[in-house]
Amino acid sequence: MSTIPIFADEHWRLPSRGRVGMFSLIIGESAIFTIFVVAYVYYIGRSTFGPTPQVLDVPLFNTICLLSSSLTIMVAERAIARGRIRVFGAWWGLTMLLGIIFLAGTAREWTRLIVHRGLTVRTNLFGTTFYSLVGLHATHVVVGLIMLSLVMLFTLLGRVEQCHAERIEVLSLYWHFVDAVWVVVFTVVYIVGR
Amino acid sequence: MAETIDRETEHAQDRRIQLPAPTAWPIVLAFGCTLAAAGLVTSAGFSILGGVLMFAGCVGWIRQVLPHEQHEAVPVTARAVTIASRRALVERIRLGPEHRAHFPVETYPVTSGIKGGIAGGFAMIVPALTYGLIKQHSIWYPVNLLGGAGVAVWTNSTPAQIATFHWTWLLIAILIHSVTCVLIGLLYGAMLPMLPRHPVVLGGILAPVLWTGILHSFMGVINPILADHIDWGWFLVSQVVYGVTAGIVVSRQERIPTSQSLPFIERLGIEAPGLMDSRPDAGPPRNKEER
Amino acid sequence: MADRTLPIPGSLDATRLRDAALLEWLHSWVVTVDHKKLGILYVLYAVFFLLVAGTEAMCIRIQLVVPNNHFLSPELFNEFFTMHGTTMVFLVGMTIIFGIGNYLVPLMIGARDMAFPRLNAFSFWLSASGGLFLYFSFIGGFGLYGMGSAPDITWWAYAPLTEKPFTPGHNTDYWALSLIVMGFGTLGAAINTIATAFSMRCKGMTLMRMPLFVWLMVVTSGLTLITITPLTAAQIMLVIDRYLGAHFFDAQAGGAPIVWMHFFWIFGHPEVYVLILPAFGIASEVIPVFSRKAIFGYPAMVAASVGIAFVSTTVWAHHMFTVGMTSVGNTFFVLSTMMVGIPTGIKIFNWIATMWGGKIRFATPMLFCTAFLFQFLCAGLTGIMLGVAPWNWQLHNSYFVIAHFHYTLTGSFLFCIFAAFYYWYPKVTGRMLSEKLGKWHFWLFFIGFHLTFDTMHFVGMLGMPRSIYTYEADRGWSTLNFWISMGGLIQAIAVLIFAWNLIRSYLDGKEAGNDPWDAWTLEWSVPSPPPAYNFADDPVVRSRRPLWDLKHPDDPDWKYEQ
């Protein structure tokens, strides 16, 4: 051991704390969703009375809206990384719009189920698991929309700058997660479970 | 070697370090969340108050971190720090051959354990019968104790009953005795490669004492009737006689080399005639099939 | 006195000045985002609830000391053992590990604070207010009458007992809601710890140079992410059931109580590892320092920790052998439970190999860690016994199980926590804990522990079920139960000595200096107590033992480490 390993300062790079934190949060949230999905799958076909999953309509338009919002938010991310704040604001607004359309679609679906089909959370096991799982996802969409609207607000006030690109990226990770979870929920509820 | 580092004194006194500014909003938000949940078990008023606090907490928090996180400058106070050790001597653990102290190059064959066990079994009869004669005035007493208790057929026998002669019990006792002696001998032989240095000490003294101790603690649970009749002193004596005899027999056996003395490549099971020496007893090199 | 009776407006009142200073001081603790202050708050909070839950345990033991006792009412007994379990796991265990982690992780990796200091404060206050909410149940609901509506559903809260028709009051709701609140606090702390360890390391602190305690905190936090959240999810389901009339665990509408069992133990088993892994970290810091040797097999220790975390997520149903799973299910969970023995075995051997050939000093932290090694081995062995399905069928829900997991949580976890107190107290306060009182604490606690929990194995094998209110005199359990309670008393005395030691040493303990144990990790390179900014200059490390390198410039570690 005659050579002394010289420590190279200039190569000292650490992962961004925001990304690490958000990935950790996503892992935790995934566990919550896993439990709800498992409960849903376990209880498929176990309702002793009341409406069955056949009353559901496949929300294709909703799904397309939510999934495409992942693309628009990516475009927005790139825009702010290059410092084009106005473009960023436009794409960000579009993302929010798509999210709101998704929520409105869910609200319409729920109204139809509750008013016309008489399916509530206390009707039977299907109602219990359906509203819990879809509702849990909708809650995440709502939280995501609140965050998005905050960024939108600051953008309109002109407070968002290129230096915030990393924070925006972390937030969009969350939005991507919400979209990815929808793929799972959609598959389980509207394809496998129906 | 002692080295005092007062890094902080070498800097100017008015140096300041930026740290996150203290803020009350996290506690407000946390308390709000809890109150909101507590409203479910108390009254809606709590939830409303919780909701208000949560909103206030969120707004306050956002104002703390956006657009830039708030910091406060903390002045650096000079405090000397000593990083030194009184333990200047560093010793490295030297890895020598003695760190595999029980690295047997030679050991006794397993069969020597069985031979020792058989010899010990015969030797053990002497103290056992002596005990019967002296203590109970009958050589059949220890025999019946083993034969009778071994199959647990008698319940409340008197010493006189045990002292009389029974054919069946004699046969059972011989069977138990011989099987146990051979098995223990086998175990002894199997353990020898691990501790090959002092077979007499190990097998003759240490093992019987441990064995007697284990039996003494367990016998009350396994066979309480037998435990009542055993004289543990004599029992120990006969065990030691067994062990010493077995140990002497074993130590007179010829040692065989363990696989440790073979070249590594041969231990792996690879035939490499060019790399390894032929065995001293092998004569001129031959193929393995011919051996 | 005159000042106080006749206050003159605007005058410099001495009393008021002192009050103002006190208020200022309190305010600084409430608004702090400093990881050290929050760590201290966490630990103090945990110690307070350790005393509370210990008192509950003592009440349980007094109730069981003689047959047909009526010291507690049956209702209160149920509440006490539920609250004892819940408090010890969530309010003591979880908070104390994240408290110690909060204090030490940034110091050990050479950082100035946690990755998210405000989130850190939020997590603590969420956990703290959640705990107060849980204890509010004693006076909430129907008031103090019959001790209010404290949870009385056992800490594993099996359905359908927790459903509305069977537990009409708010007992279950207090349990579920407060644990949901605390669960989010814990989640925040876990995220923070991971982000800190990955993103805040000082120069040269590569992942394979991090102190093992930091590694174990990372593994624990990762495990927390995927174990606390299932519990939260299941508790949300329970709350939906109880408040919105849903049917998740409602057997009458087709819901399956067994699903609750699965969900709970998916949380519950890894939870034990969440608690014990930081204890491993503490042992991995204390044992090398007091053996004067570097830790043996550092990479193997890291790999074993990660391995334990992975394996621990696949073993949950060994809590459920008696519910009647398929043979395949039983076999799988028996085998996966056996698998845990491999990485834990590696760890035990590595600790022993660290001690082997070292110059061992049996100061109090080392005493606790040595006892931990032995007791953890015993706990592991009874764990393997209980992991064998047929054996489990015999002893499930008996005191044998209680003895096993108290060997893990008291004999291993708490012993290491005590070791951590004696080891890092000088760093936190600047004063040494009294070694003499520490020895008294150790030996009394050690004797009391073994008297209580060794005996519990036997009373369990004699058939005494857990959670029973009382028992008849002719069951043959009386003498053993008496000694179990006596052991509990000895432990209580030991803990009181410990509490007294904490207070007394704070007031007039020996001055510690920055490095009283001649240790090697970065926290000992700063003054005790550390300044708010931790490190005036960012440290640079080149090995796993940066202070060793400074103390032995002729023989530094980086020459030998890979």
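Me: How many helices and strands does the secondary structure of chain A have?

Reply: Helices (H or I, at least four residues) and strands (E, at least two) are DSSP runs, numbered from the N terminus. Chain A has 5 helices and 0 strands. From the N terminus on, its elements run α-α-α-α-α. Before we go on, note that this is a predicted model: local features need pLDDT of at least 70, side-chain atom pairs count only at pLDDT 80 or more, and totals for chains, interfaces and linings use all residues. Residues are numbered from 1 along each chain as its sequence is written, while chains are lettered from A and ligands numbered from 1 in the order in which they are written.

Me: What radius of gyration does chain A have?

Reply: The radius of gyration is taken over C-alpha atoms, and the globule rule is 2.2 Å times the number of residues to the power 0.38. For 194 residues, a compact globule would come near 16 Å, but chain A has 21 Å. Its C-alpha atoms fill a box of roughly 75 × 50 × 20 Å, taken along the principal axes.

Me: What percentage of the residues in chain A is buried?

Reply: Count C-beta atoms, placed from the backbone: a residue is buried if 20 or more others lie within 10 Å of its own, exposed if 12 or fewer, and partly exposed in between. In chain A, 37% of the 194 residues are buried.

Me: Which residues does C:Leu395 touch?

Reply: Two residues are in contact if their C-beta atoms, placed from the backbone, lie within 7 Å. Leave out residues up to four places away in sequence, and C:Leu395 touches C:Leu386, C:Phe400, C:Val401, C:Gly460 and C:Met461. C:Leu395 lies in helix α12 (residues 389-395) of chain C.

Me: Why is C:Leu395 classed as buried?

Reply: Because 20 other C-beta atoms lie within 10 Å.

Me: How many residues of chain C are in contact with chain A?

Reply: Chain C gives 36 residues, and chain A gives 30 residues. On the side of chain C that touches chain A, α6, α7 (212-244) and α8 (257-291) of chain C each supply at least two residues. α7(C) gives the most, with 10 residues. Now sort by class. Ala, Val, Leu, Ile, Met, Phe, Trp, Tyr, Cys and Pro count as nonpolar, Asp, Glu, Lys and Arg as charged, and the others, Gly among them, as polar. This side has 24 nonpolar, 8 polar and 4 charged residues.

Me: Which elements of chain B have the lowest and the highest mean pLDDT?

Reply: pLDDT is the predictor's confidence in each residue, from 0 to 100. Strand β1 (residues 3-5) of chain B has the lowest mean (40), and α1(B) the highest (94). Chain B averages 76, and 71% of the residues score at least 70. Over residues 1-12 of chain B, pLDDT stays under 50. It also stays under 50 over residues 285-291 of chain B.

Me: How many residues of α1(B) are buried?

Reply: 14 of its 14 residues are buried. The helix α1 covers residues 25-38 of chain B.

Notes: Expected span 1.5 Å × (residues − 1).
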